[in-house]
Amino acid sequence: VIGGSPLTVGASIGIAVGHGGGDVLLRNADVAMYQAKAAGKRRWVLFDEEMRAAAVERLRLDADLQGVLGRDELELHYQPIVELDTGRLTGFEALLRWHHPELGLVTPDRFIPVAEENGTIIAIGAWVLREACQAARRWQETRPLAAPLTMAVNVSGRQLASDAFVRVVQEALHDSGIDPATLVLELTESYLMLDPDRAAARLRGLHDLGVRLAIDDFGTGYSSLAYLR
């Protein structure tokens with residue numbers, strides 16, 4: 001009890017078993033402890049060699065993401081969006097891929113969390129928006145339809161938290177010249193719920209630009225239609 005209020009103390013524990021040098025055991029236990037924290041805290045995790053490999057890869061990706069745009073290693077793949085009842089192509093979703101010179105094709109589930117943690121996702125996300133909007137303009141010009149092709153772009157929580165994000169979207173729209181209504185920004189429900197008031201203010205700024213908003217993974221965390229509204 002501190003200052004008259006009861007406080008609950010939790011622990012995240014990493015366990016390493018082995019023989020020999022204490023430094024190695026401590027390092028391995030430290031890796032396991034961070035795994036325990038990443039898994040939700042208040043638990044213990046036993047170290048295994050796969051954890052070491054994952055930690056080494058994460059450190060490498062963290063270092064190699066610095067300056068990745070200048071090395072021209074990123075590219076976008078485009079997944080078609082099709083209207084099921086007619087089979088008509090209605091748009092695309094931009095999917096980011098990293099062609100690492102030594103690791104080969106690195107998928108987003110491996111490097112996006114690292115980019116969000118070290119902050120490089122801000123510059124990478126701005127590049128994705130620009131590239132995707134330019135691609136949308138080219139396809140809209142070559143396929144003039146009554147309903148122009150849309151372009152969906154995933155937005156990370158770190159991008160949405162940036163005070164400059166609305167301006168970045170505005171510049172991408174201006175430079176490409178596409179109709180804002182053909183740009184769909186996909187946002188994850190879990191991030192929006194971390195700070196609903198701040199998120200709502202940012203969404204209003206995006207809505208004022210005329211872009212469309214989509215909630216990714218809706219219902220996996222909160223399932224609240226009130227929050228969706």
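**Helices and their contacts**

Mentor: The crossing of helix 4 and helix 6 is right-handed, that is, the near helix is turned clockwise from the far one by less than a right angle. This is a predicted model, in which local features need pLDDT of at least 70 and side-chain atom pairs count only at pLDDT 80 or more, while totals for chains, interfaces and linings use all residues. Residues are numbered from 1 along each chain as its sequence is written, and side-chain values use heavy atoms, leaving out hydrogens and water.

Helix 4 (residues 121-142) packs against helix 6 (residues 165-176) at an angle of about 30 degrees, with their axes 9 Å apart; helices here are DSSP runs of H or I, at least four residues long, and strands are E runs of at least two, numbered from the N terminus, and axes are lines fitted to C-alpha atoms over the stretch in contact, with angles from 0 to 180 degrees between N-to-C directions. That angle makes helix 4 roughly parallel to helix 6 (under 35 degrees; over 145 is roughly antiparallel, 65 to 115 roughly perpendicular, and the rest oblique). On the side of helix 4 the contact (heavy atoms within 4.5 Å) involves Ala126, Leu129, Arg130, Cys133, Gln134 and Arg137, and on the side of helix 6 Phe165, Val168, Val169, Ala172, Asp175 and Ser176. Sorted by class, this contact of helix 4 with helix 6 has seven nonpolar, two polar and three charged residues, where Ala, Val, Leu, Ile, Met, Phe, Trp, Tyr, Cys and Pro count as nonpolar, Asp, Glu, Lys and Arg as charged, and the others, Gly among them, as polar.

Helix 2 (residues 49-64) has two partners to consider. Helix 1 (residues 22-38) packs with helix 2 at about 80 degrees, the axes being 10 Å apart, which makes helix 1 roughly perpendicular to helix 2. Their contact joins Arg27, Asn28, Val31, Ala32 and Gln35 of helix 1 to Met51, Arg52 and Ala55 of helix 2, and by class it holds four nonpolar, two polar and two charged residues.

With helix 3 (residues 108-118), the axis of helix 2 comes within 9 Å and crosses at roughly 60 degrees, which makes helix 2 oblique to helix 3. Here Glu57, Arg58, Leu61 and Asp62 of helix 2 meet Arg110, Phe111, Pro113, Val114, Glu117 and Asn118 of helix 3, and the classes are four nonpolar, one polar and five charged residues.

Finally, Lys41 lies in the loop between helix 1 and strand 2 (44-46), and its phi is near 70 degrees, a positive value in a residue other than glycine. Asp72, placed in the loop between helix 2 and strand 3 (74-82), likewise has a positive phi, near 55 degrees.
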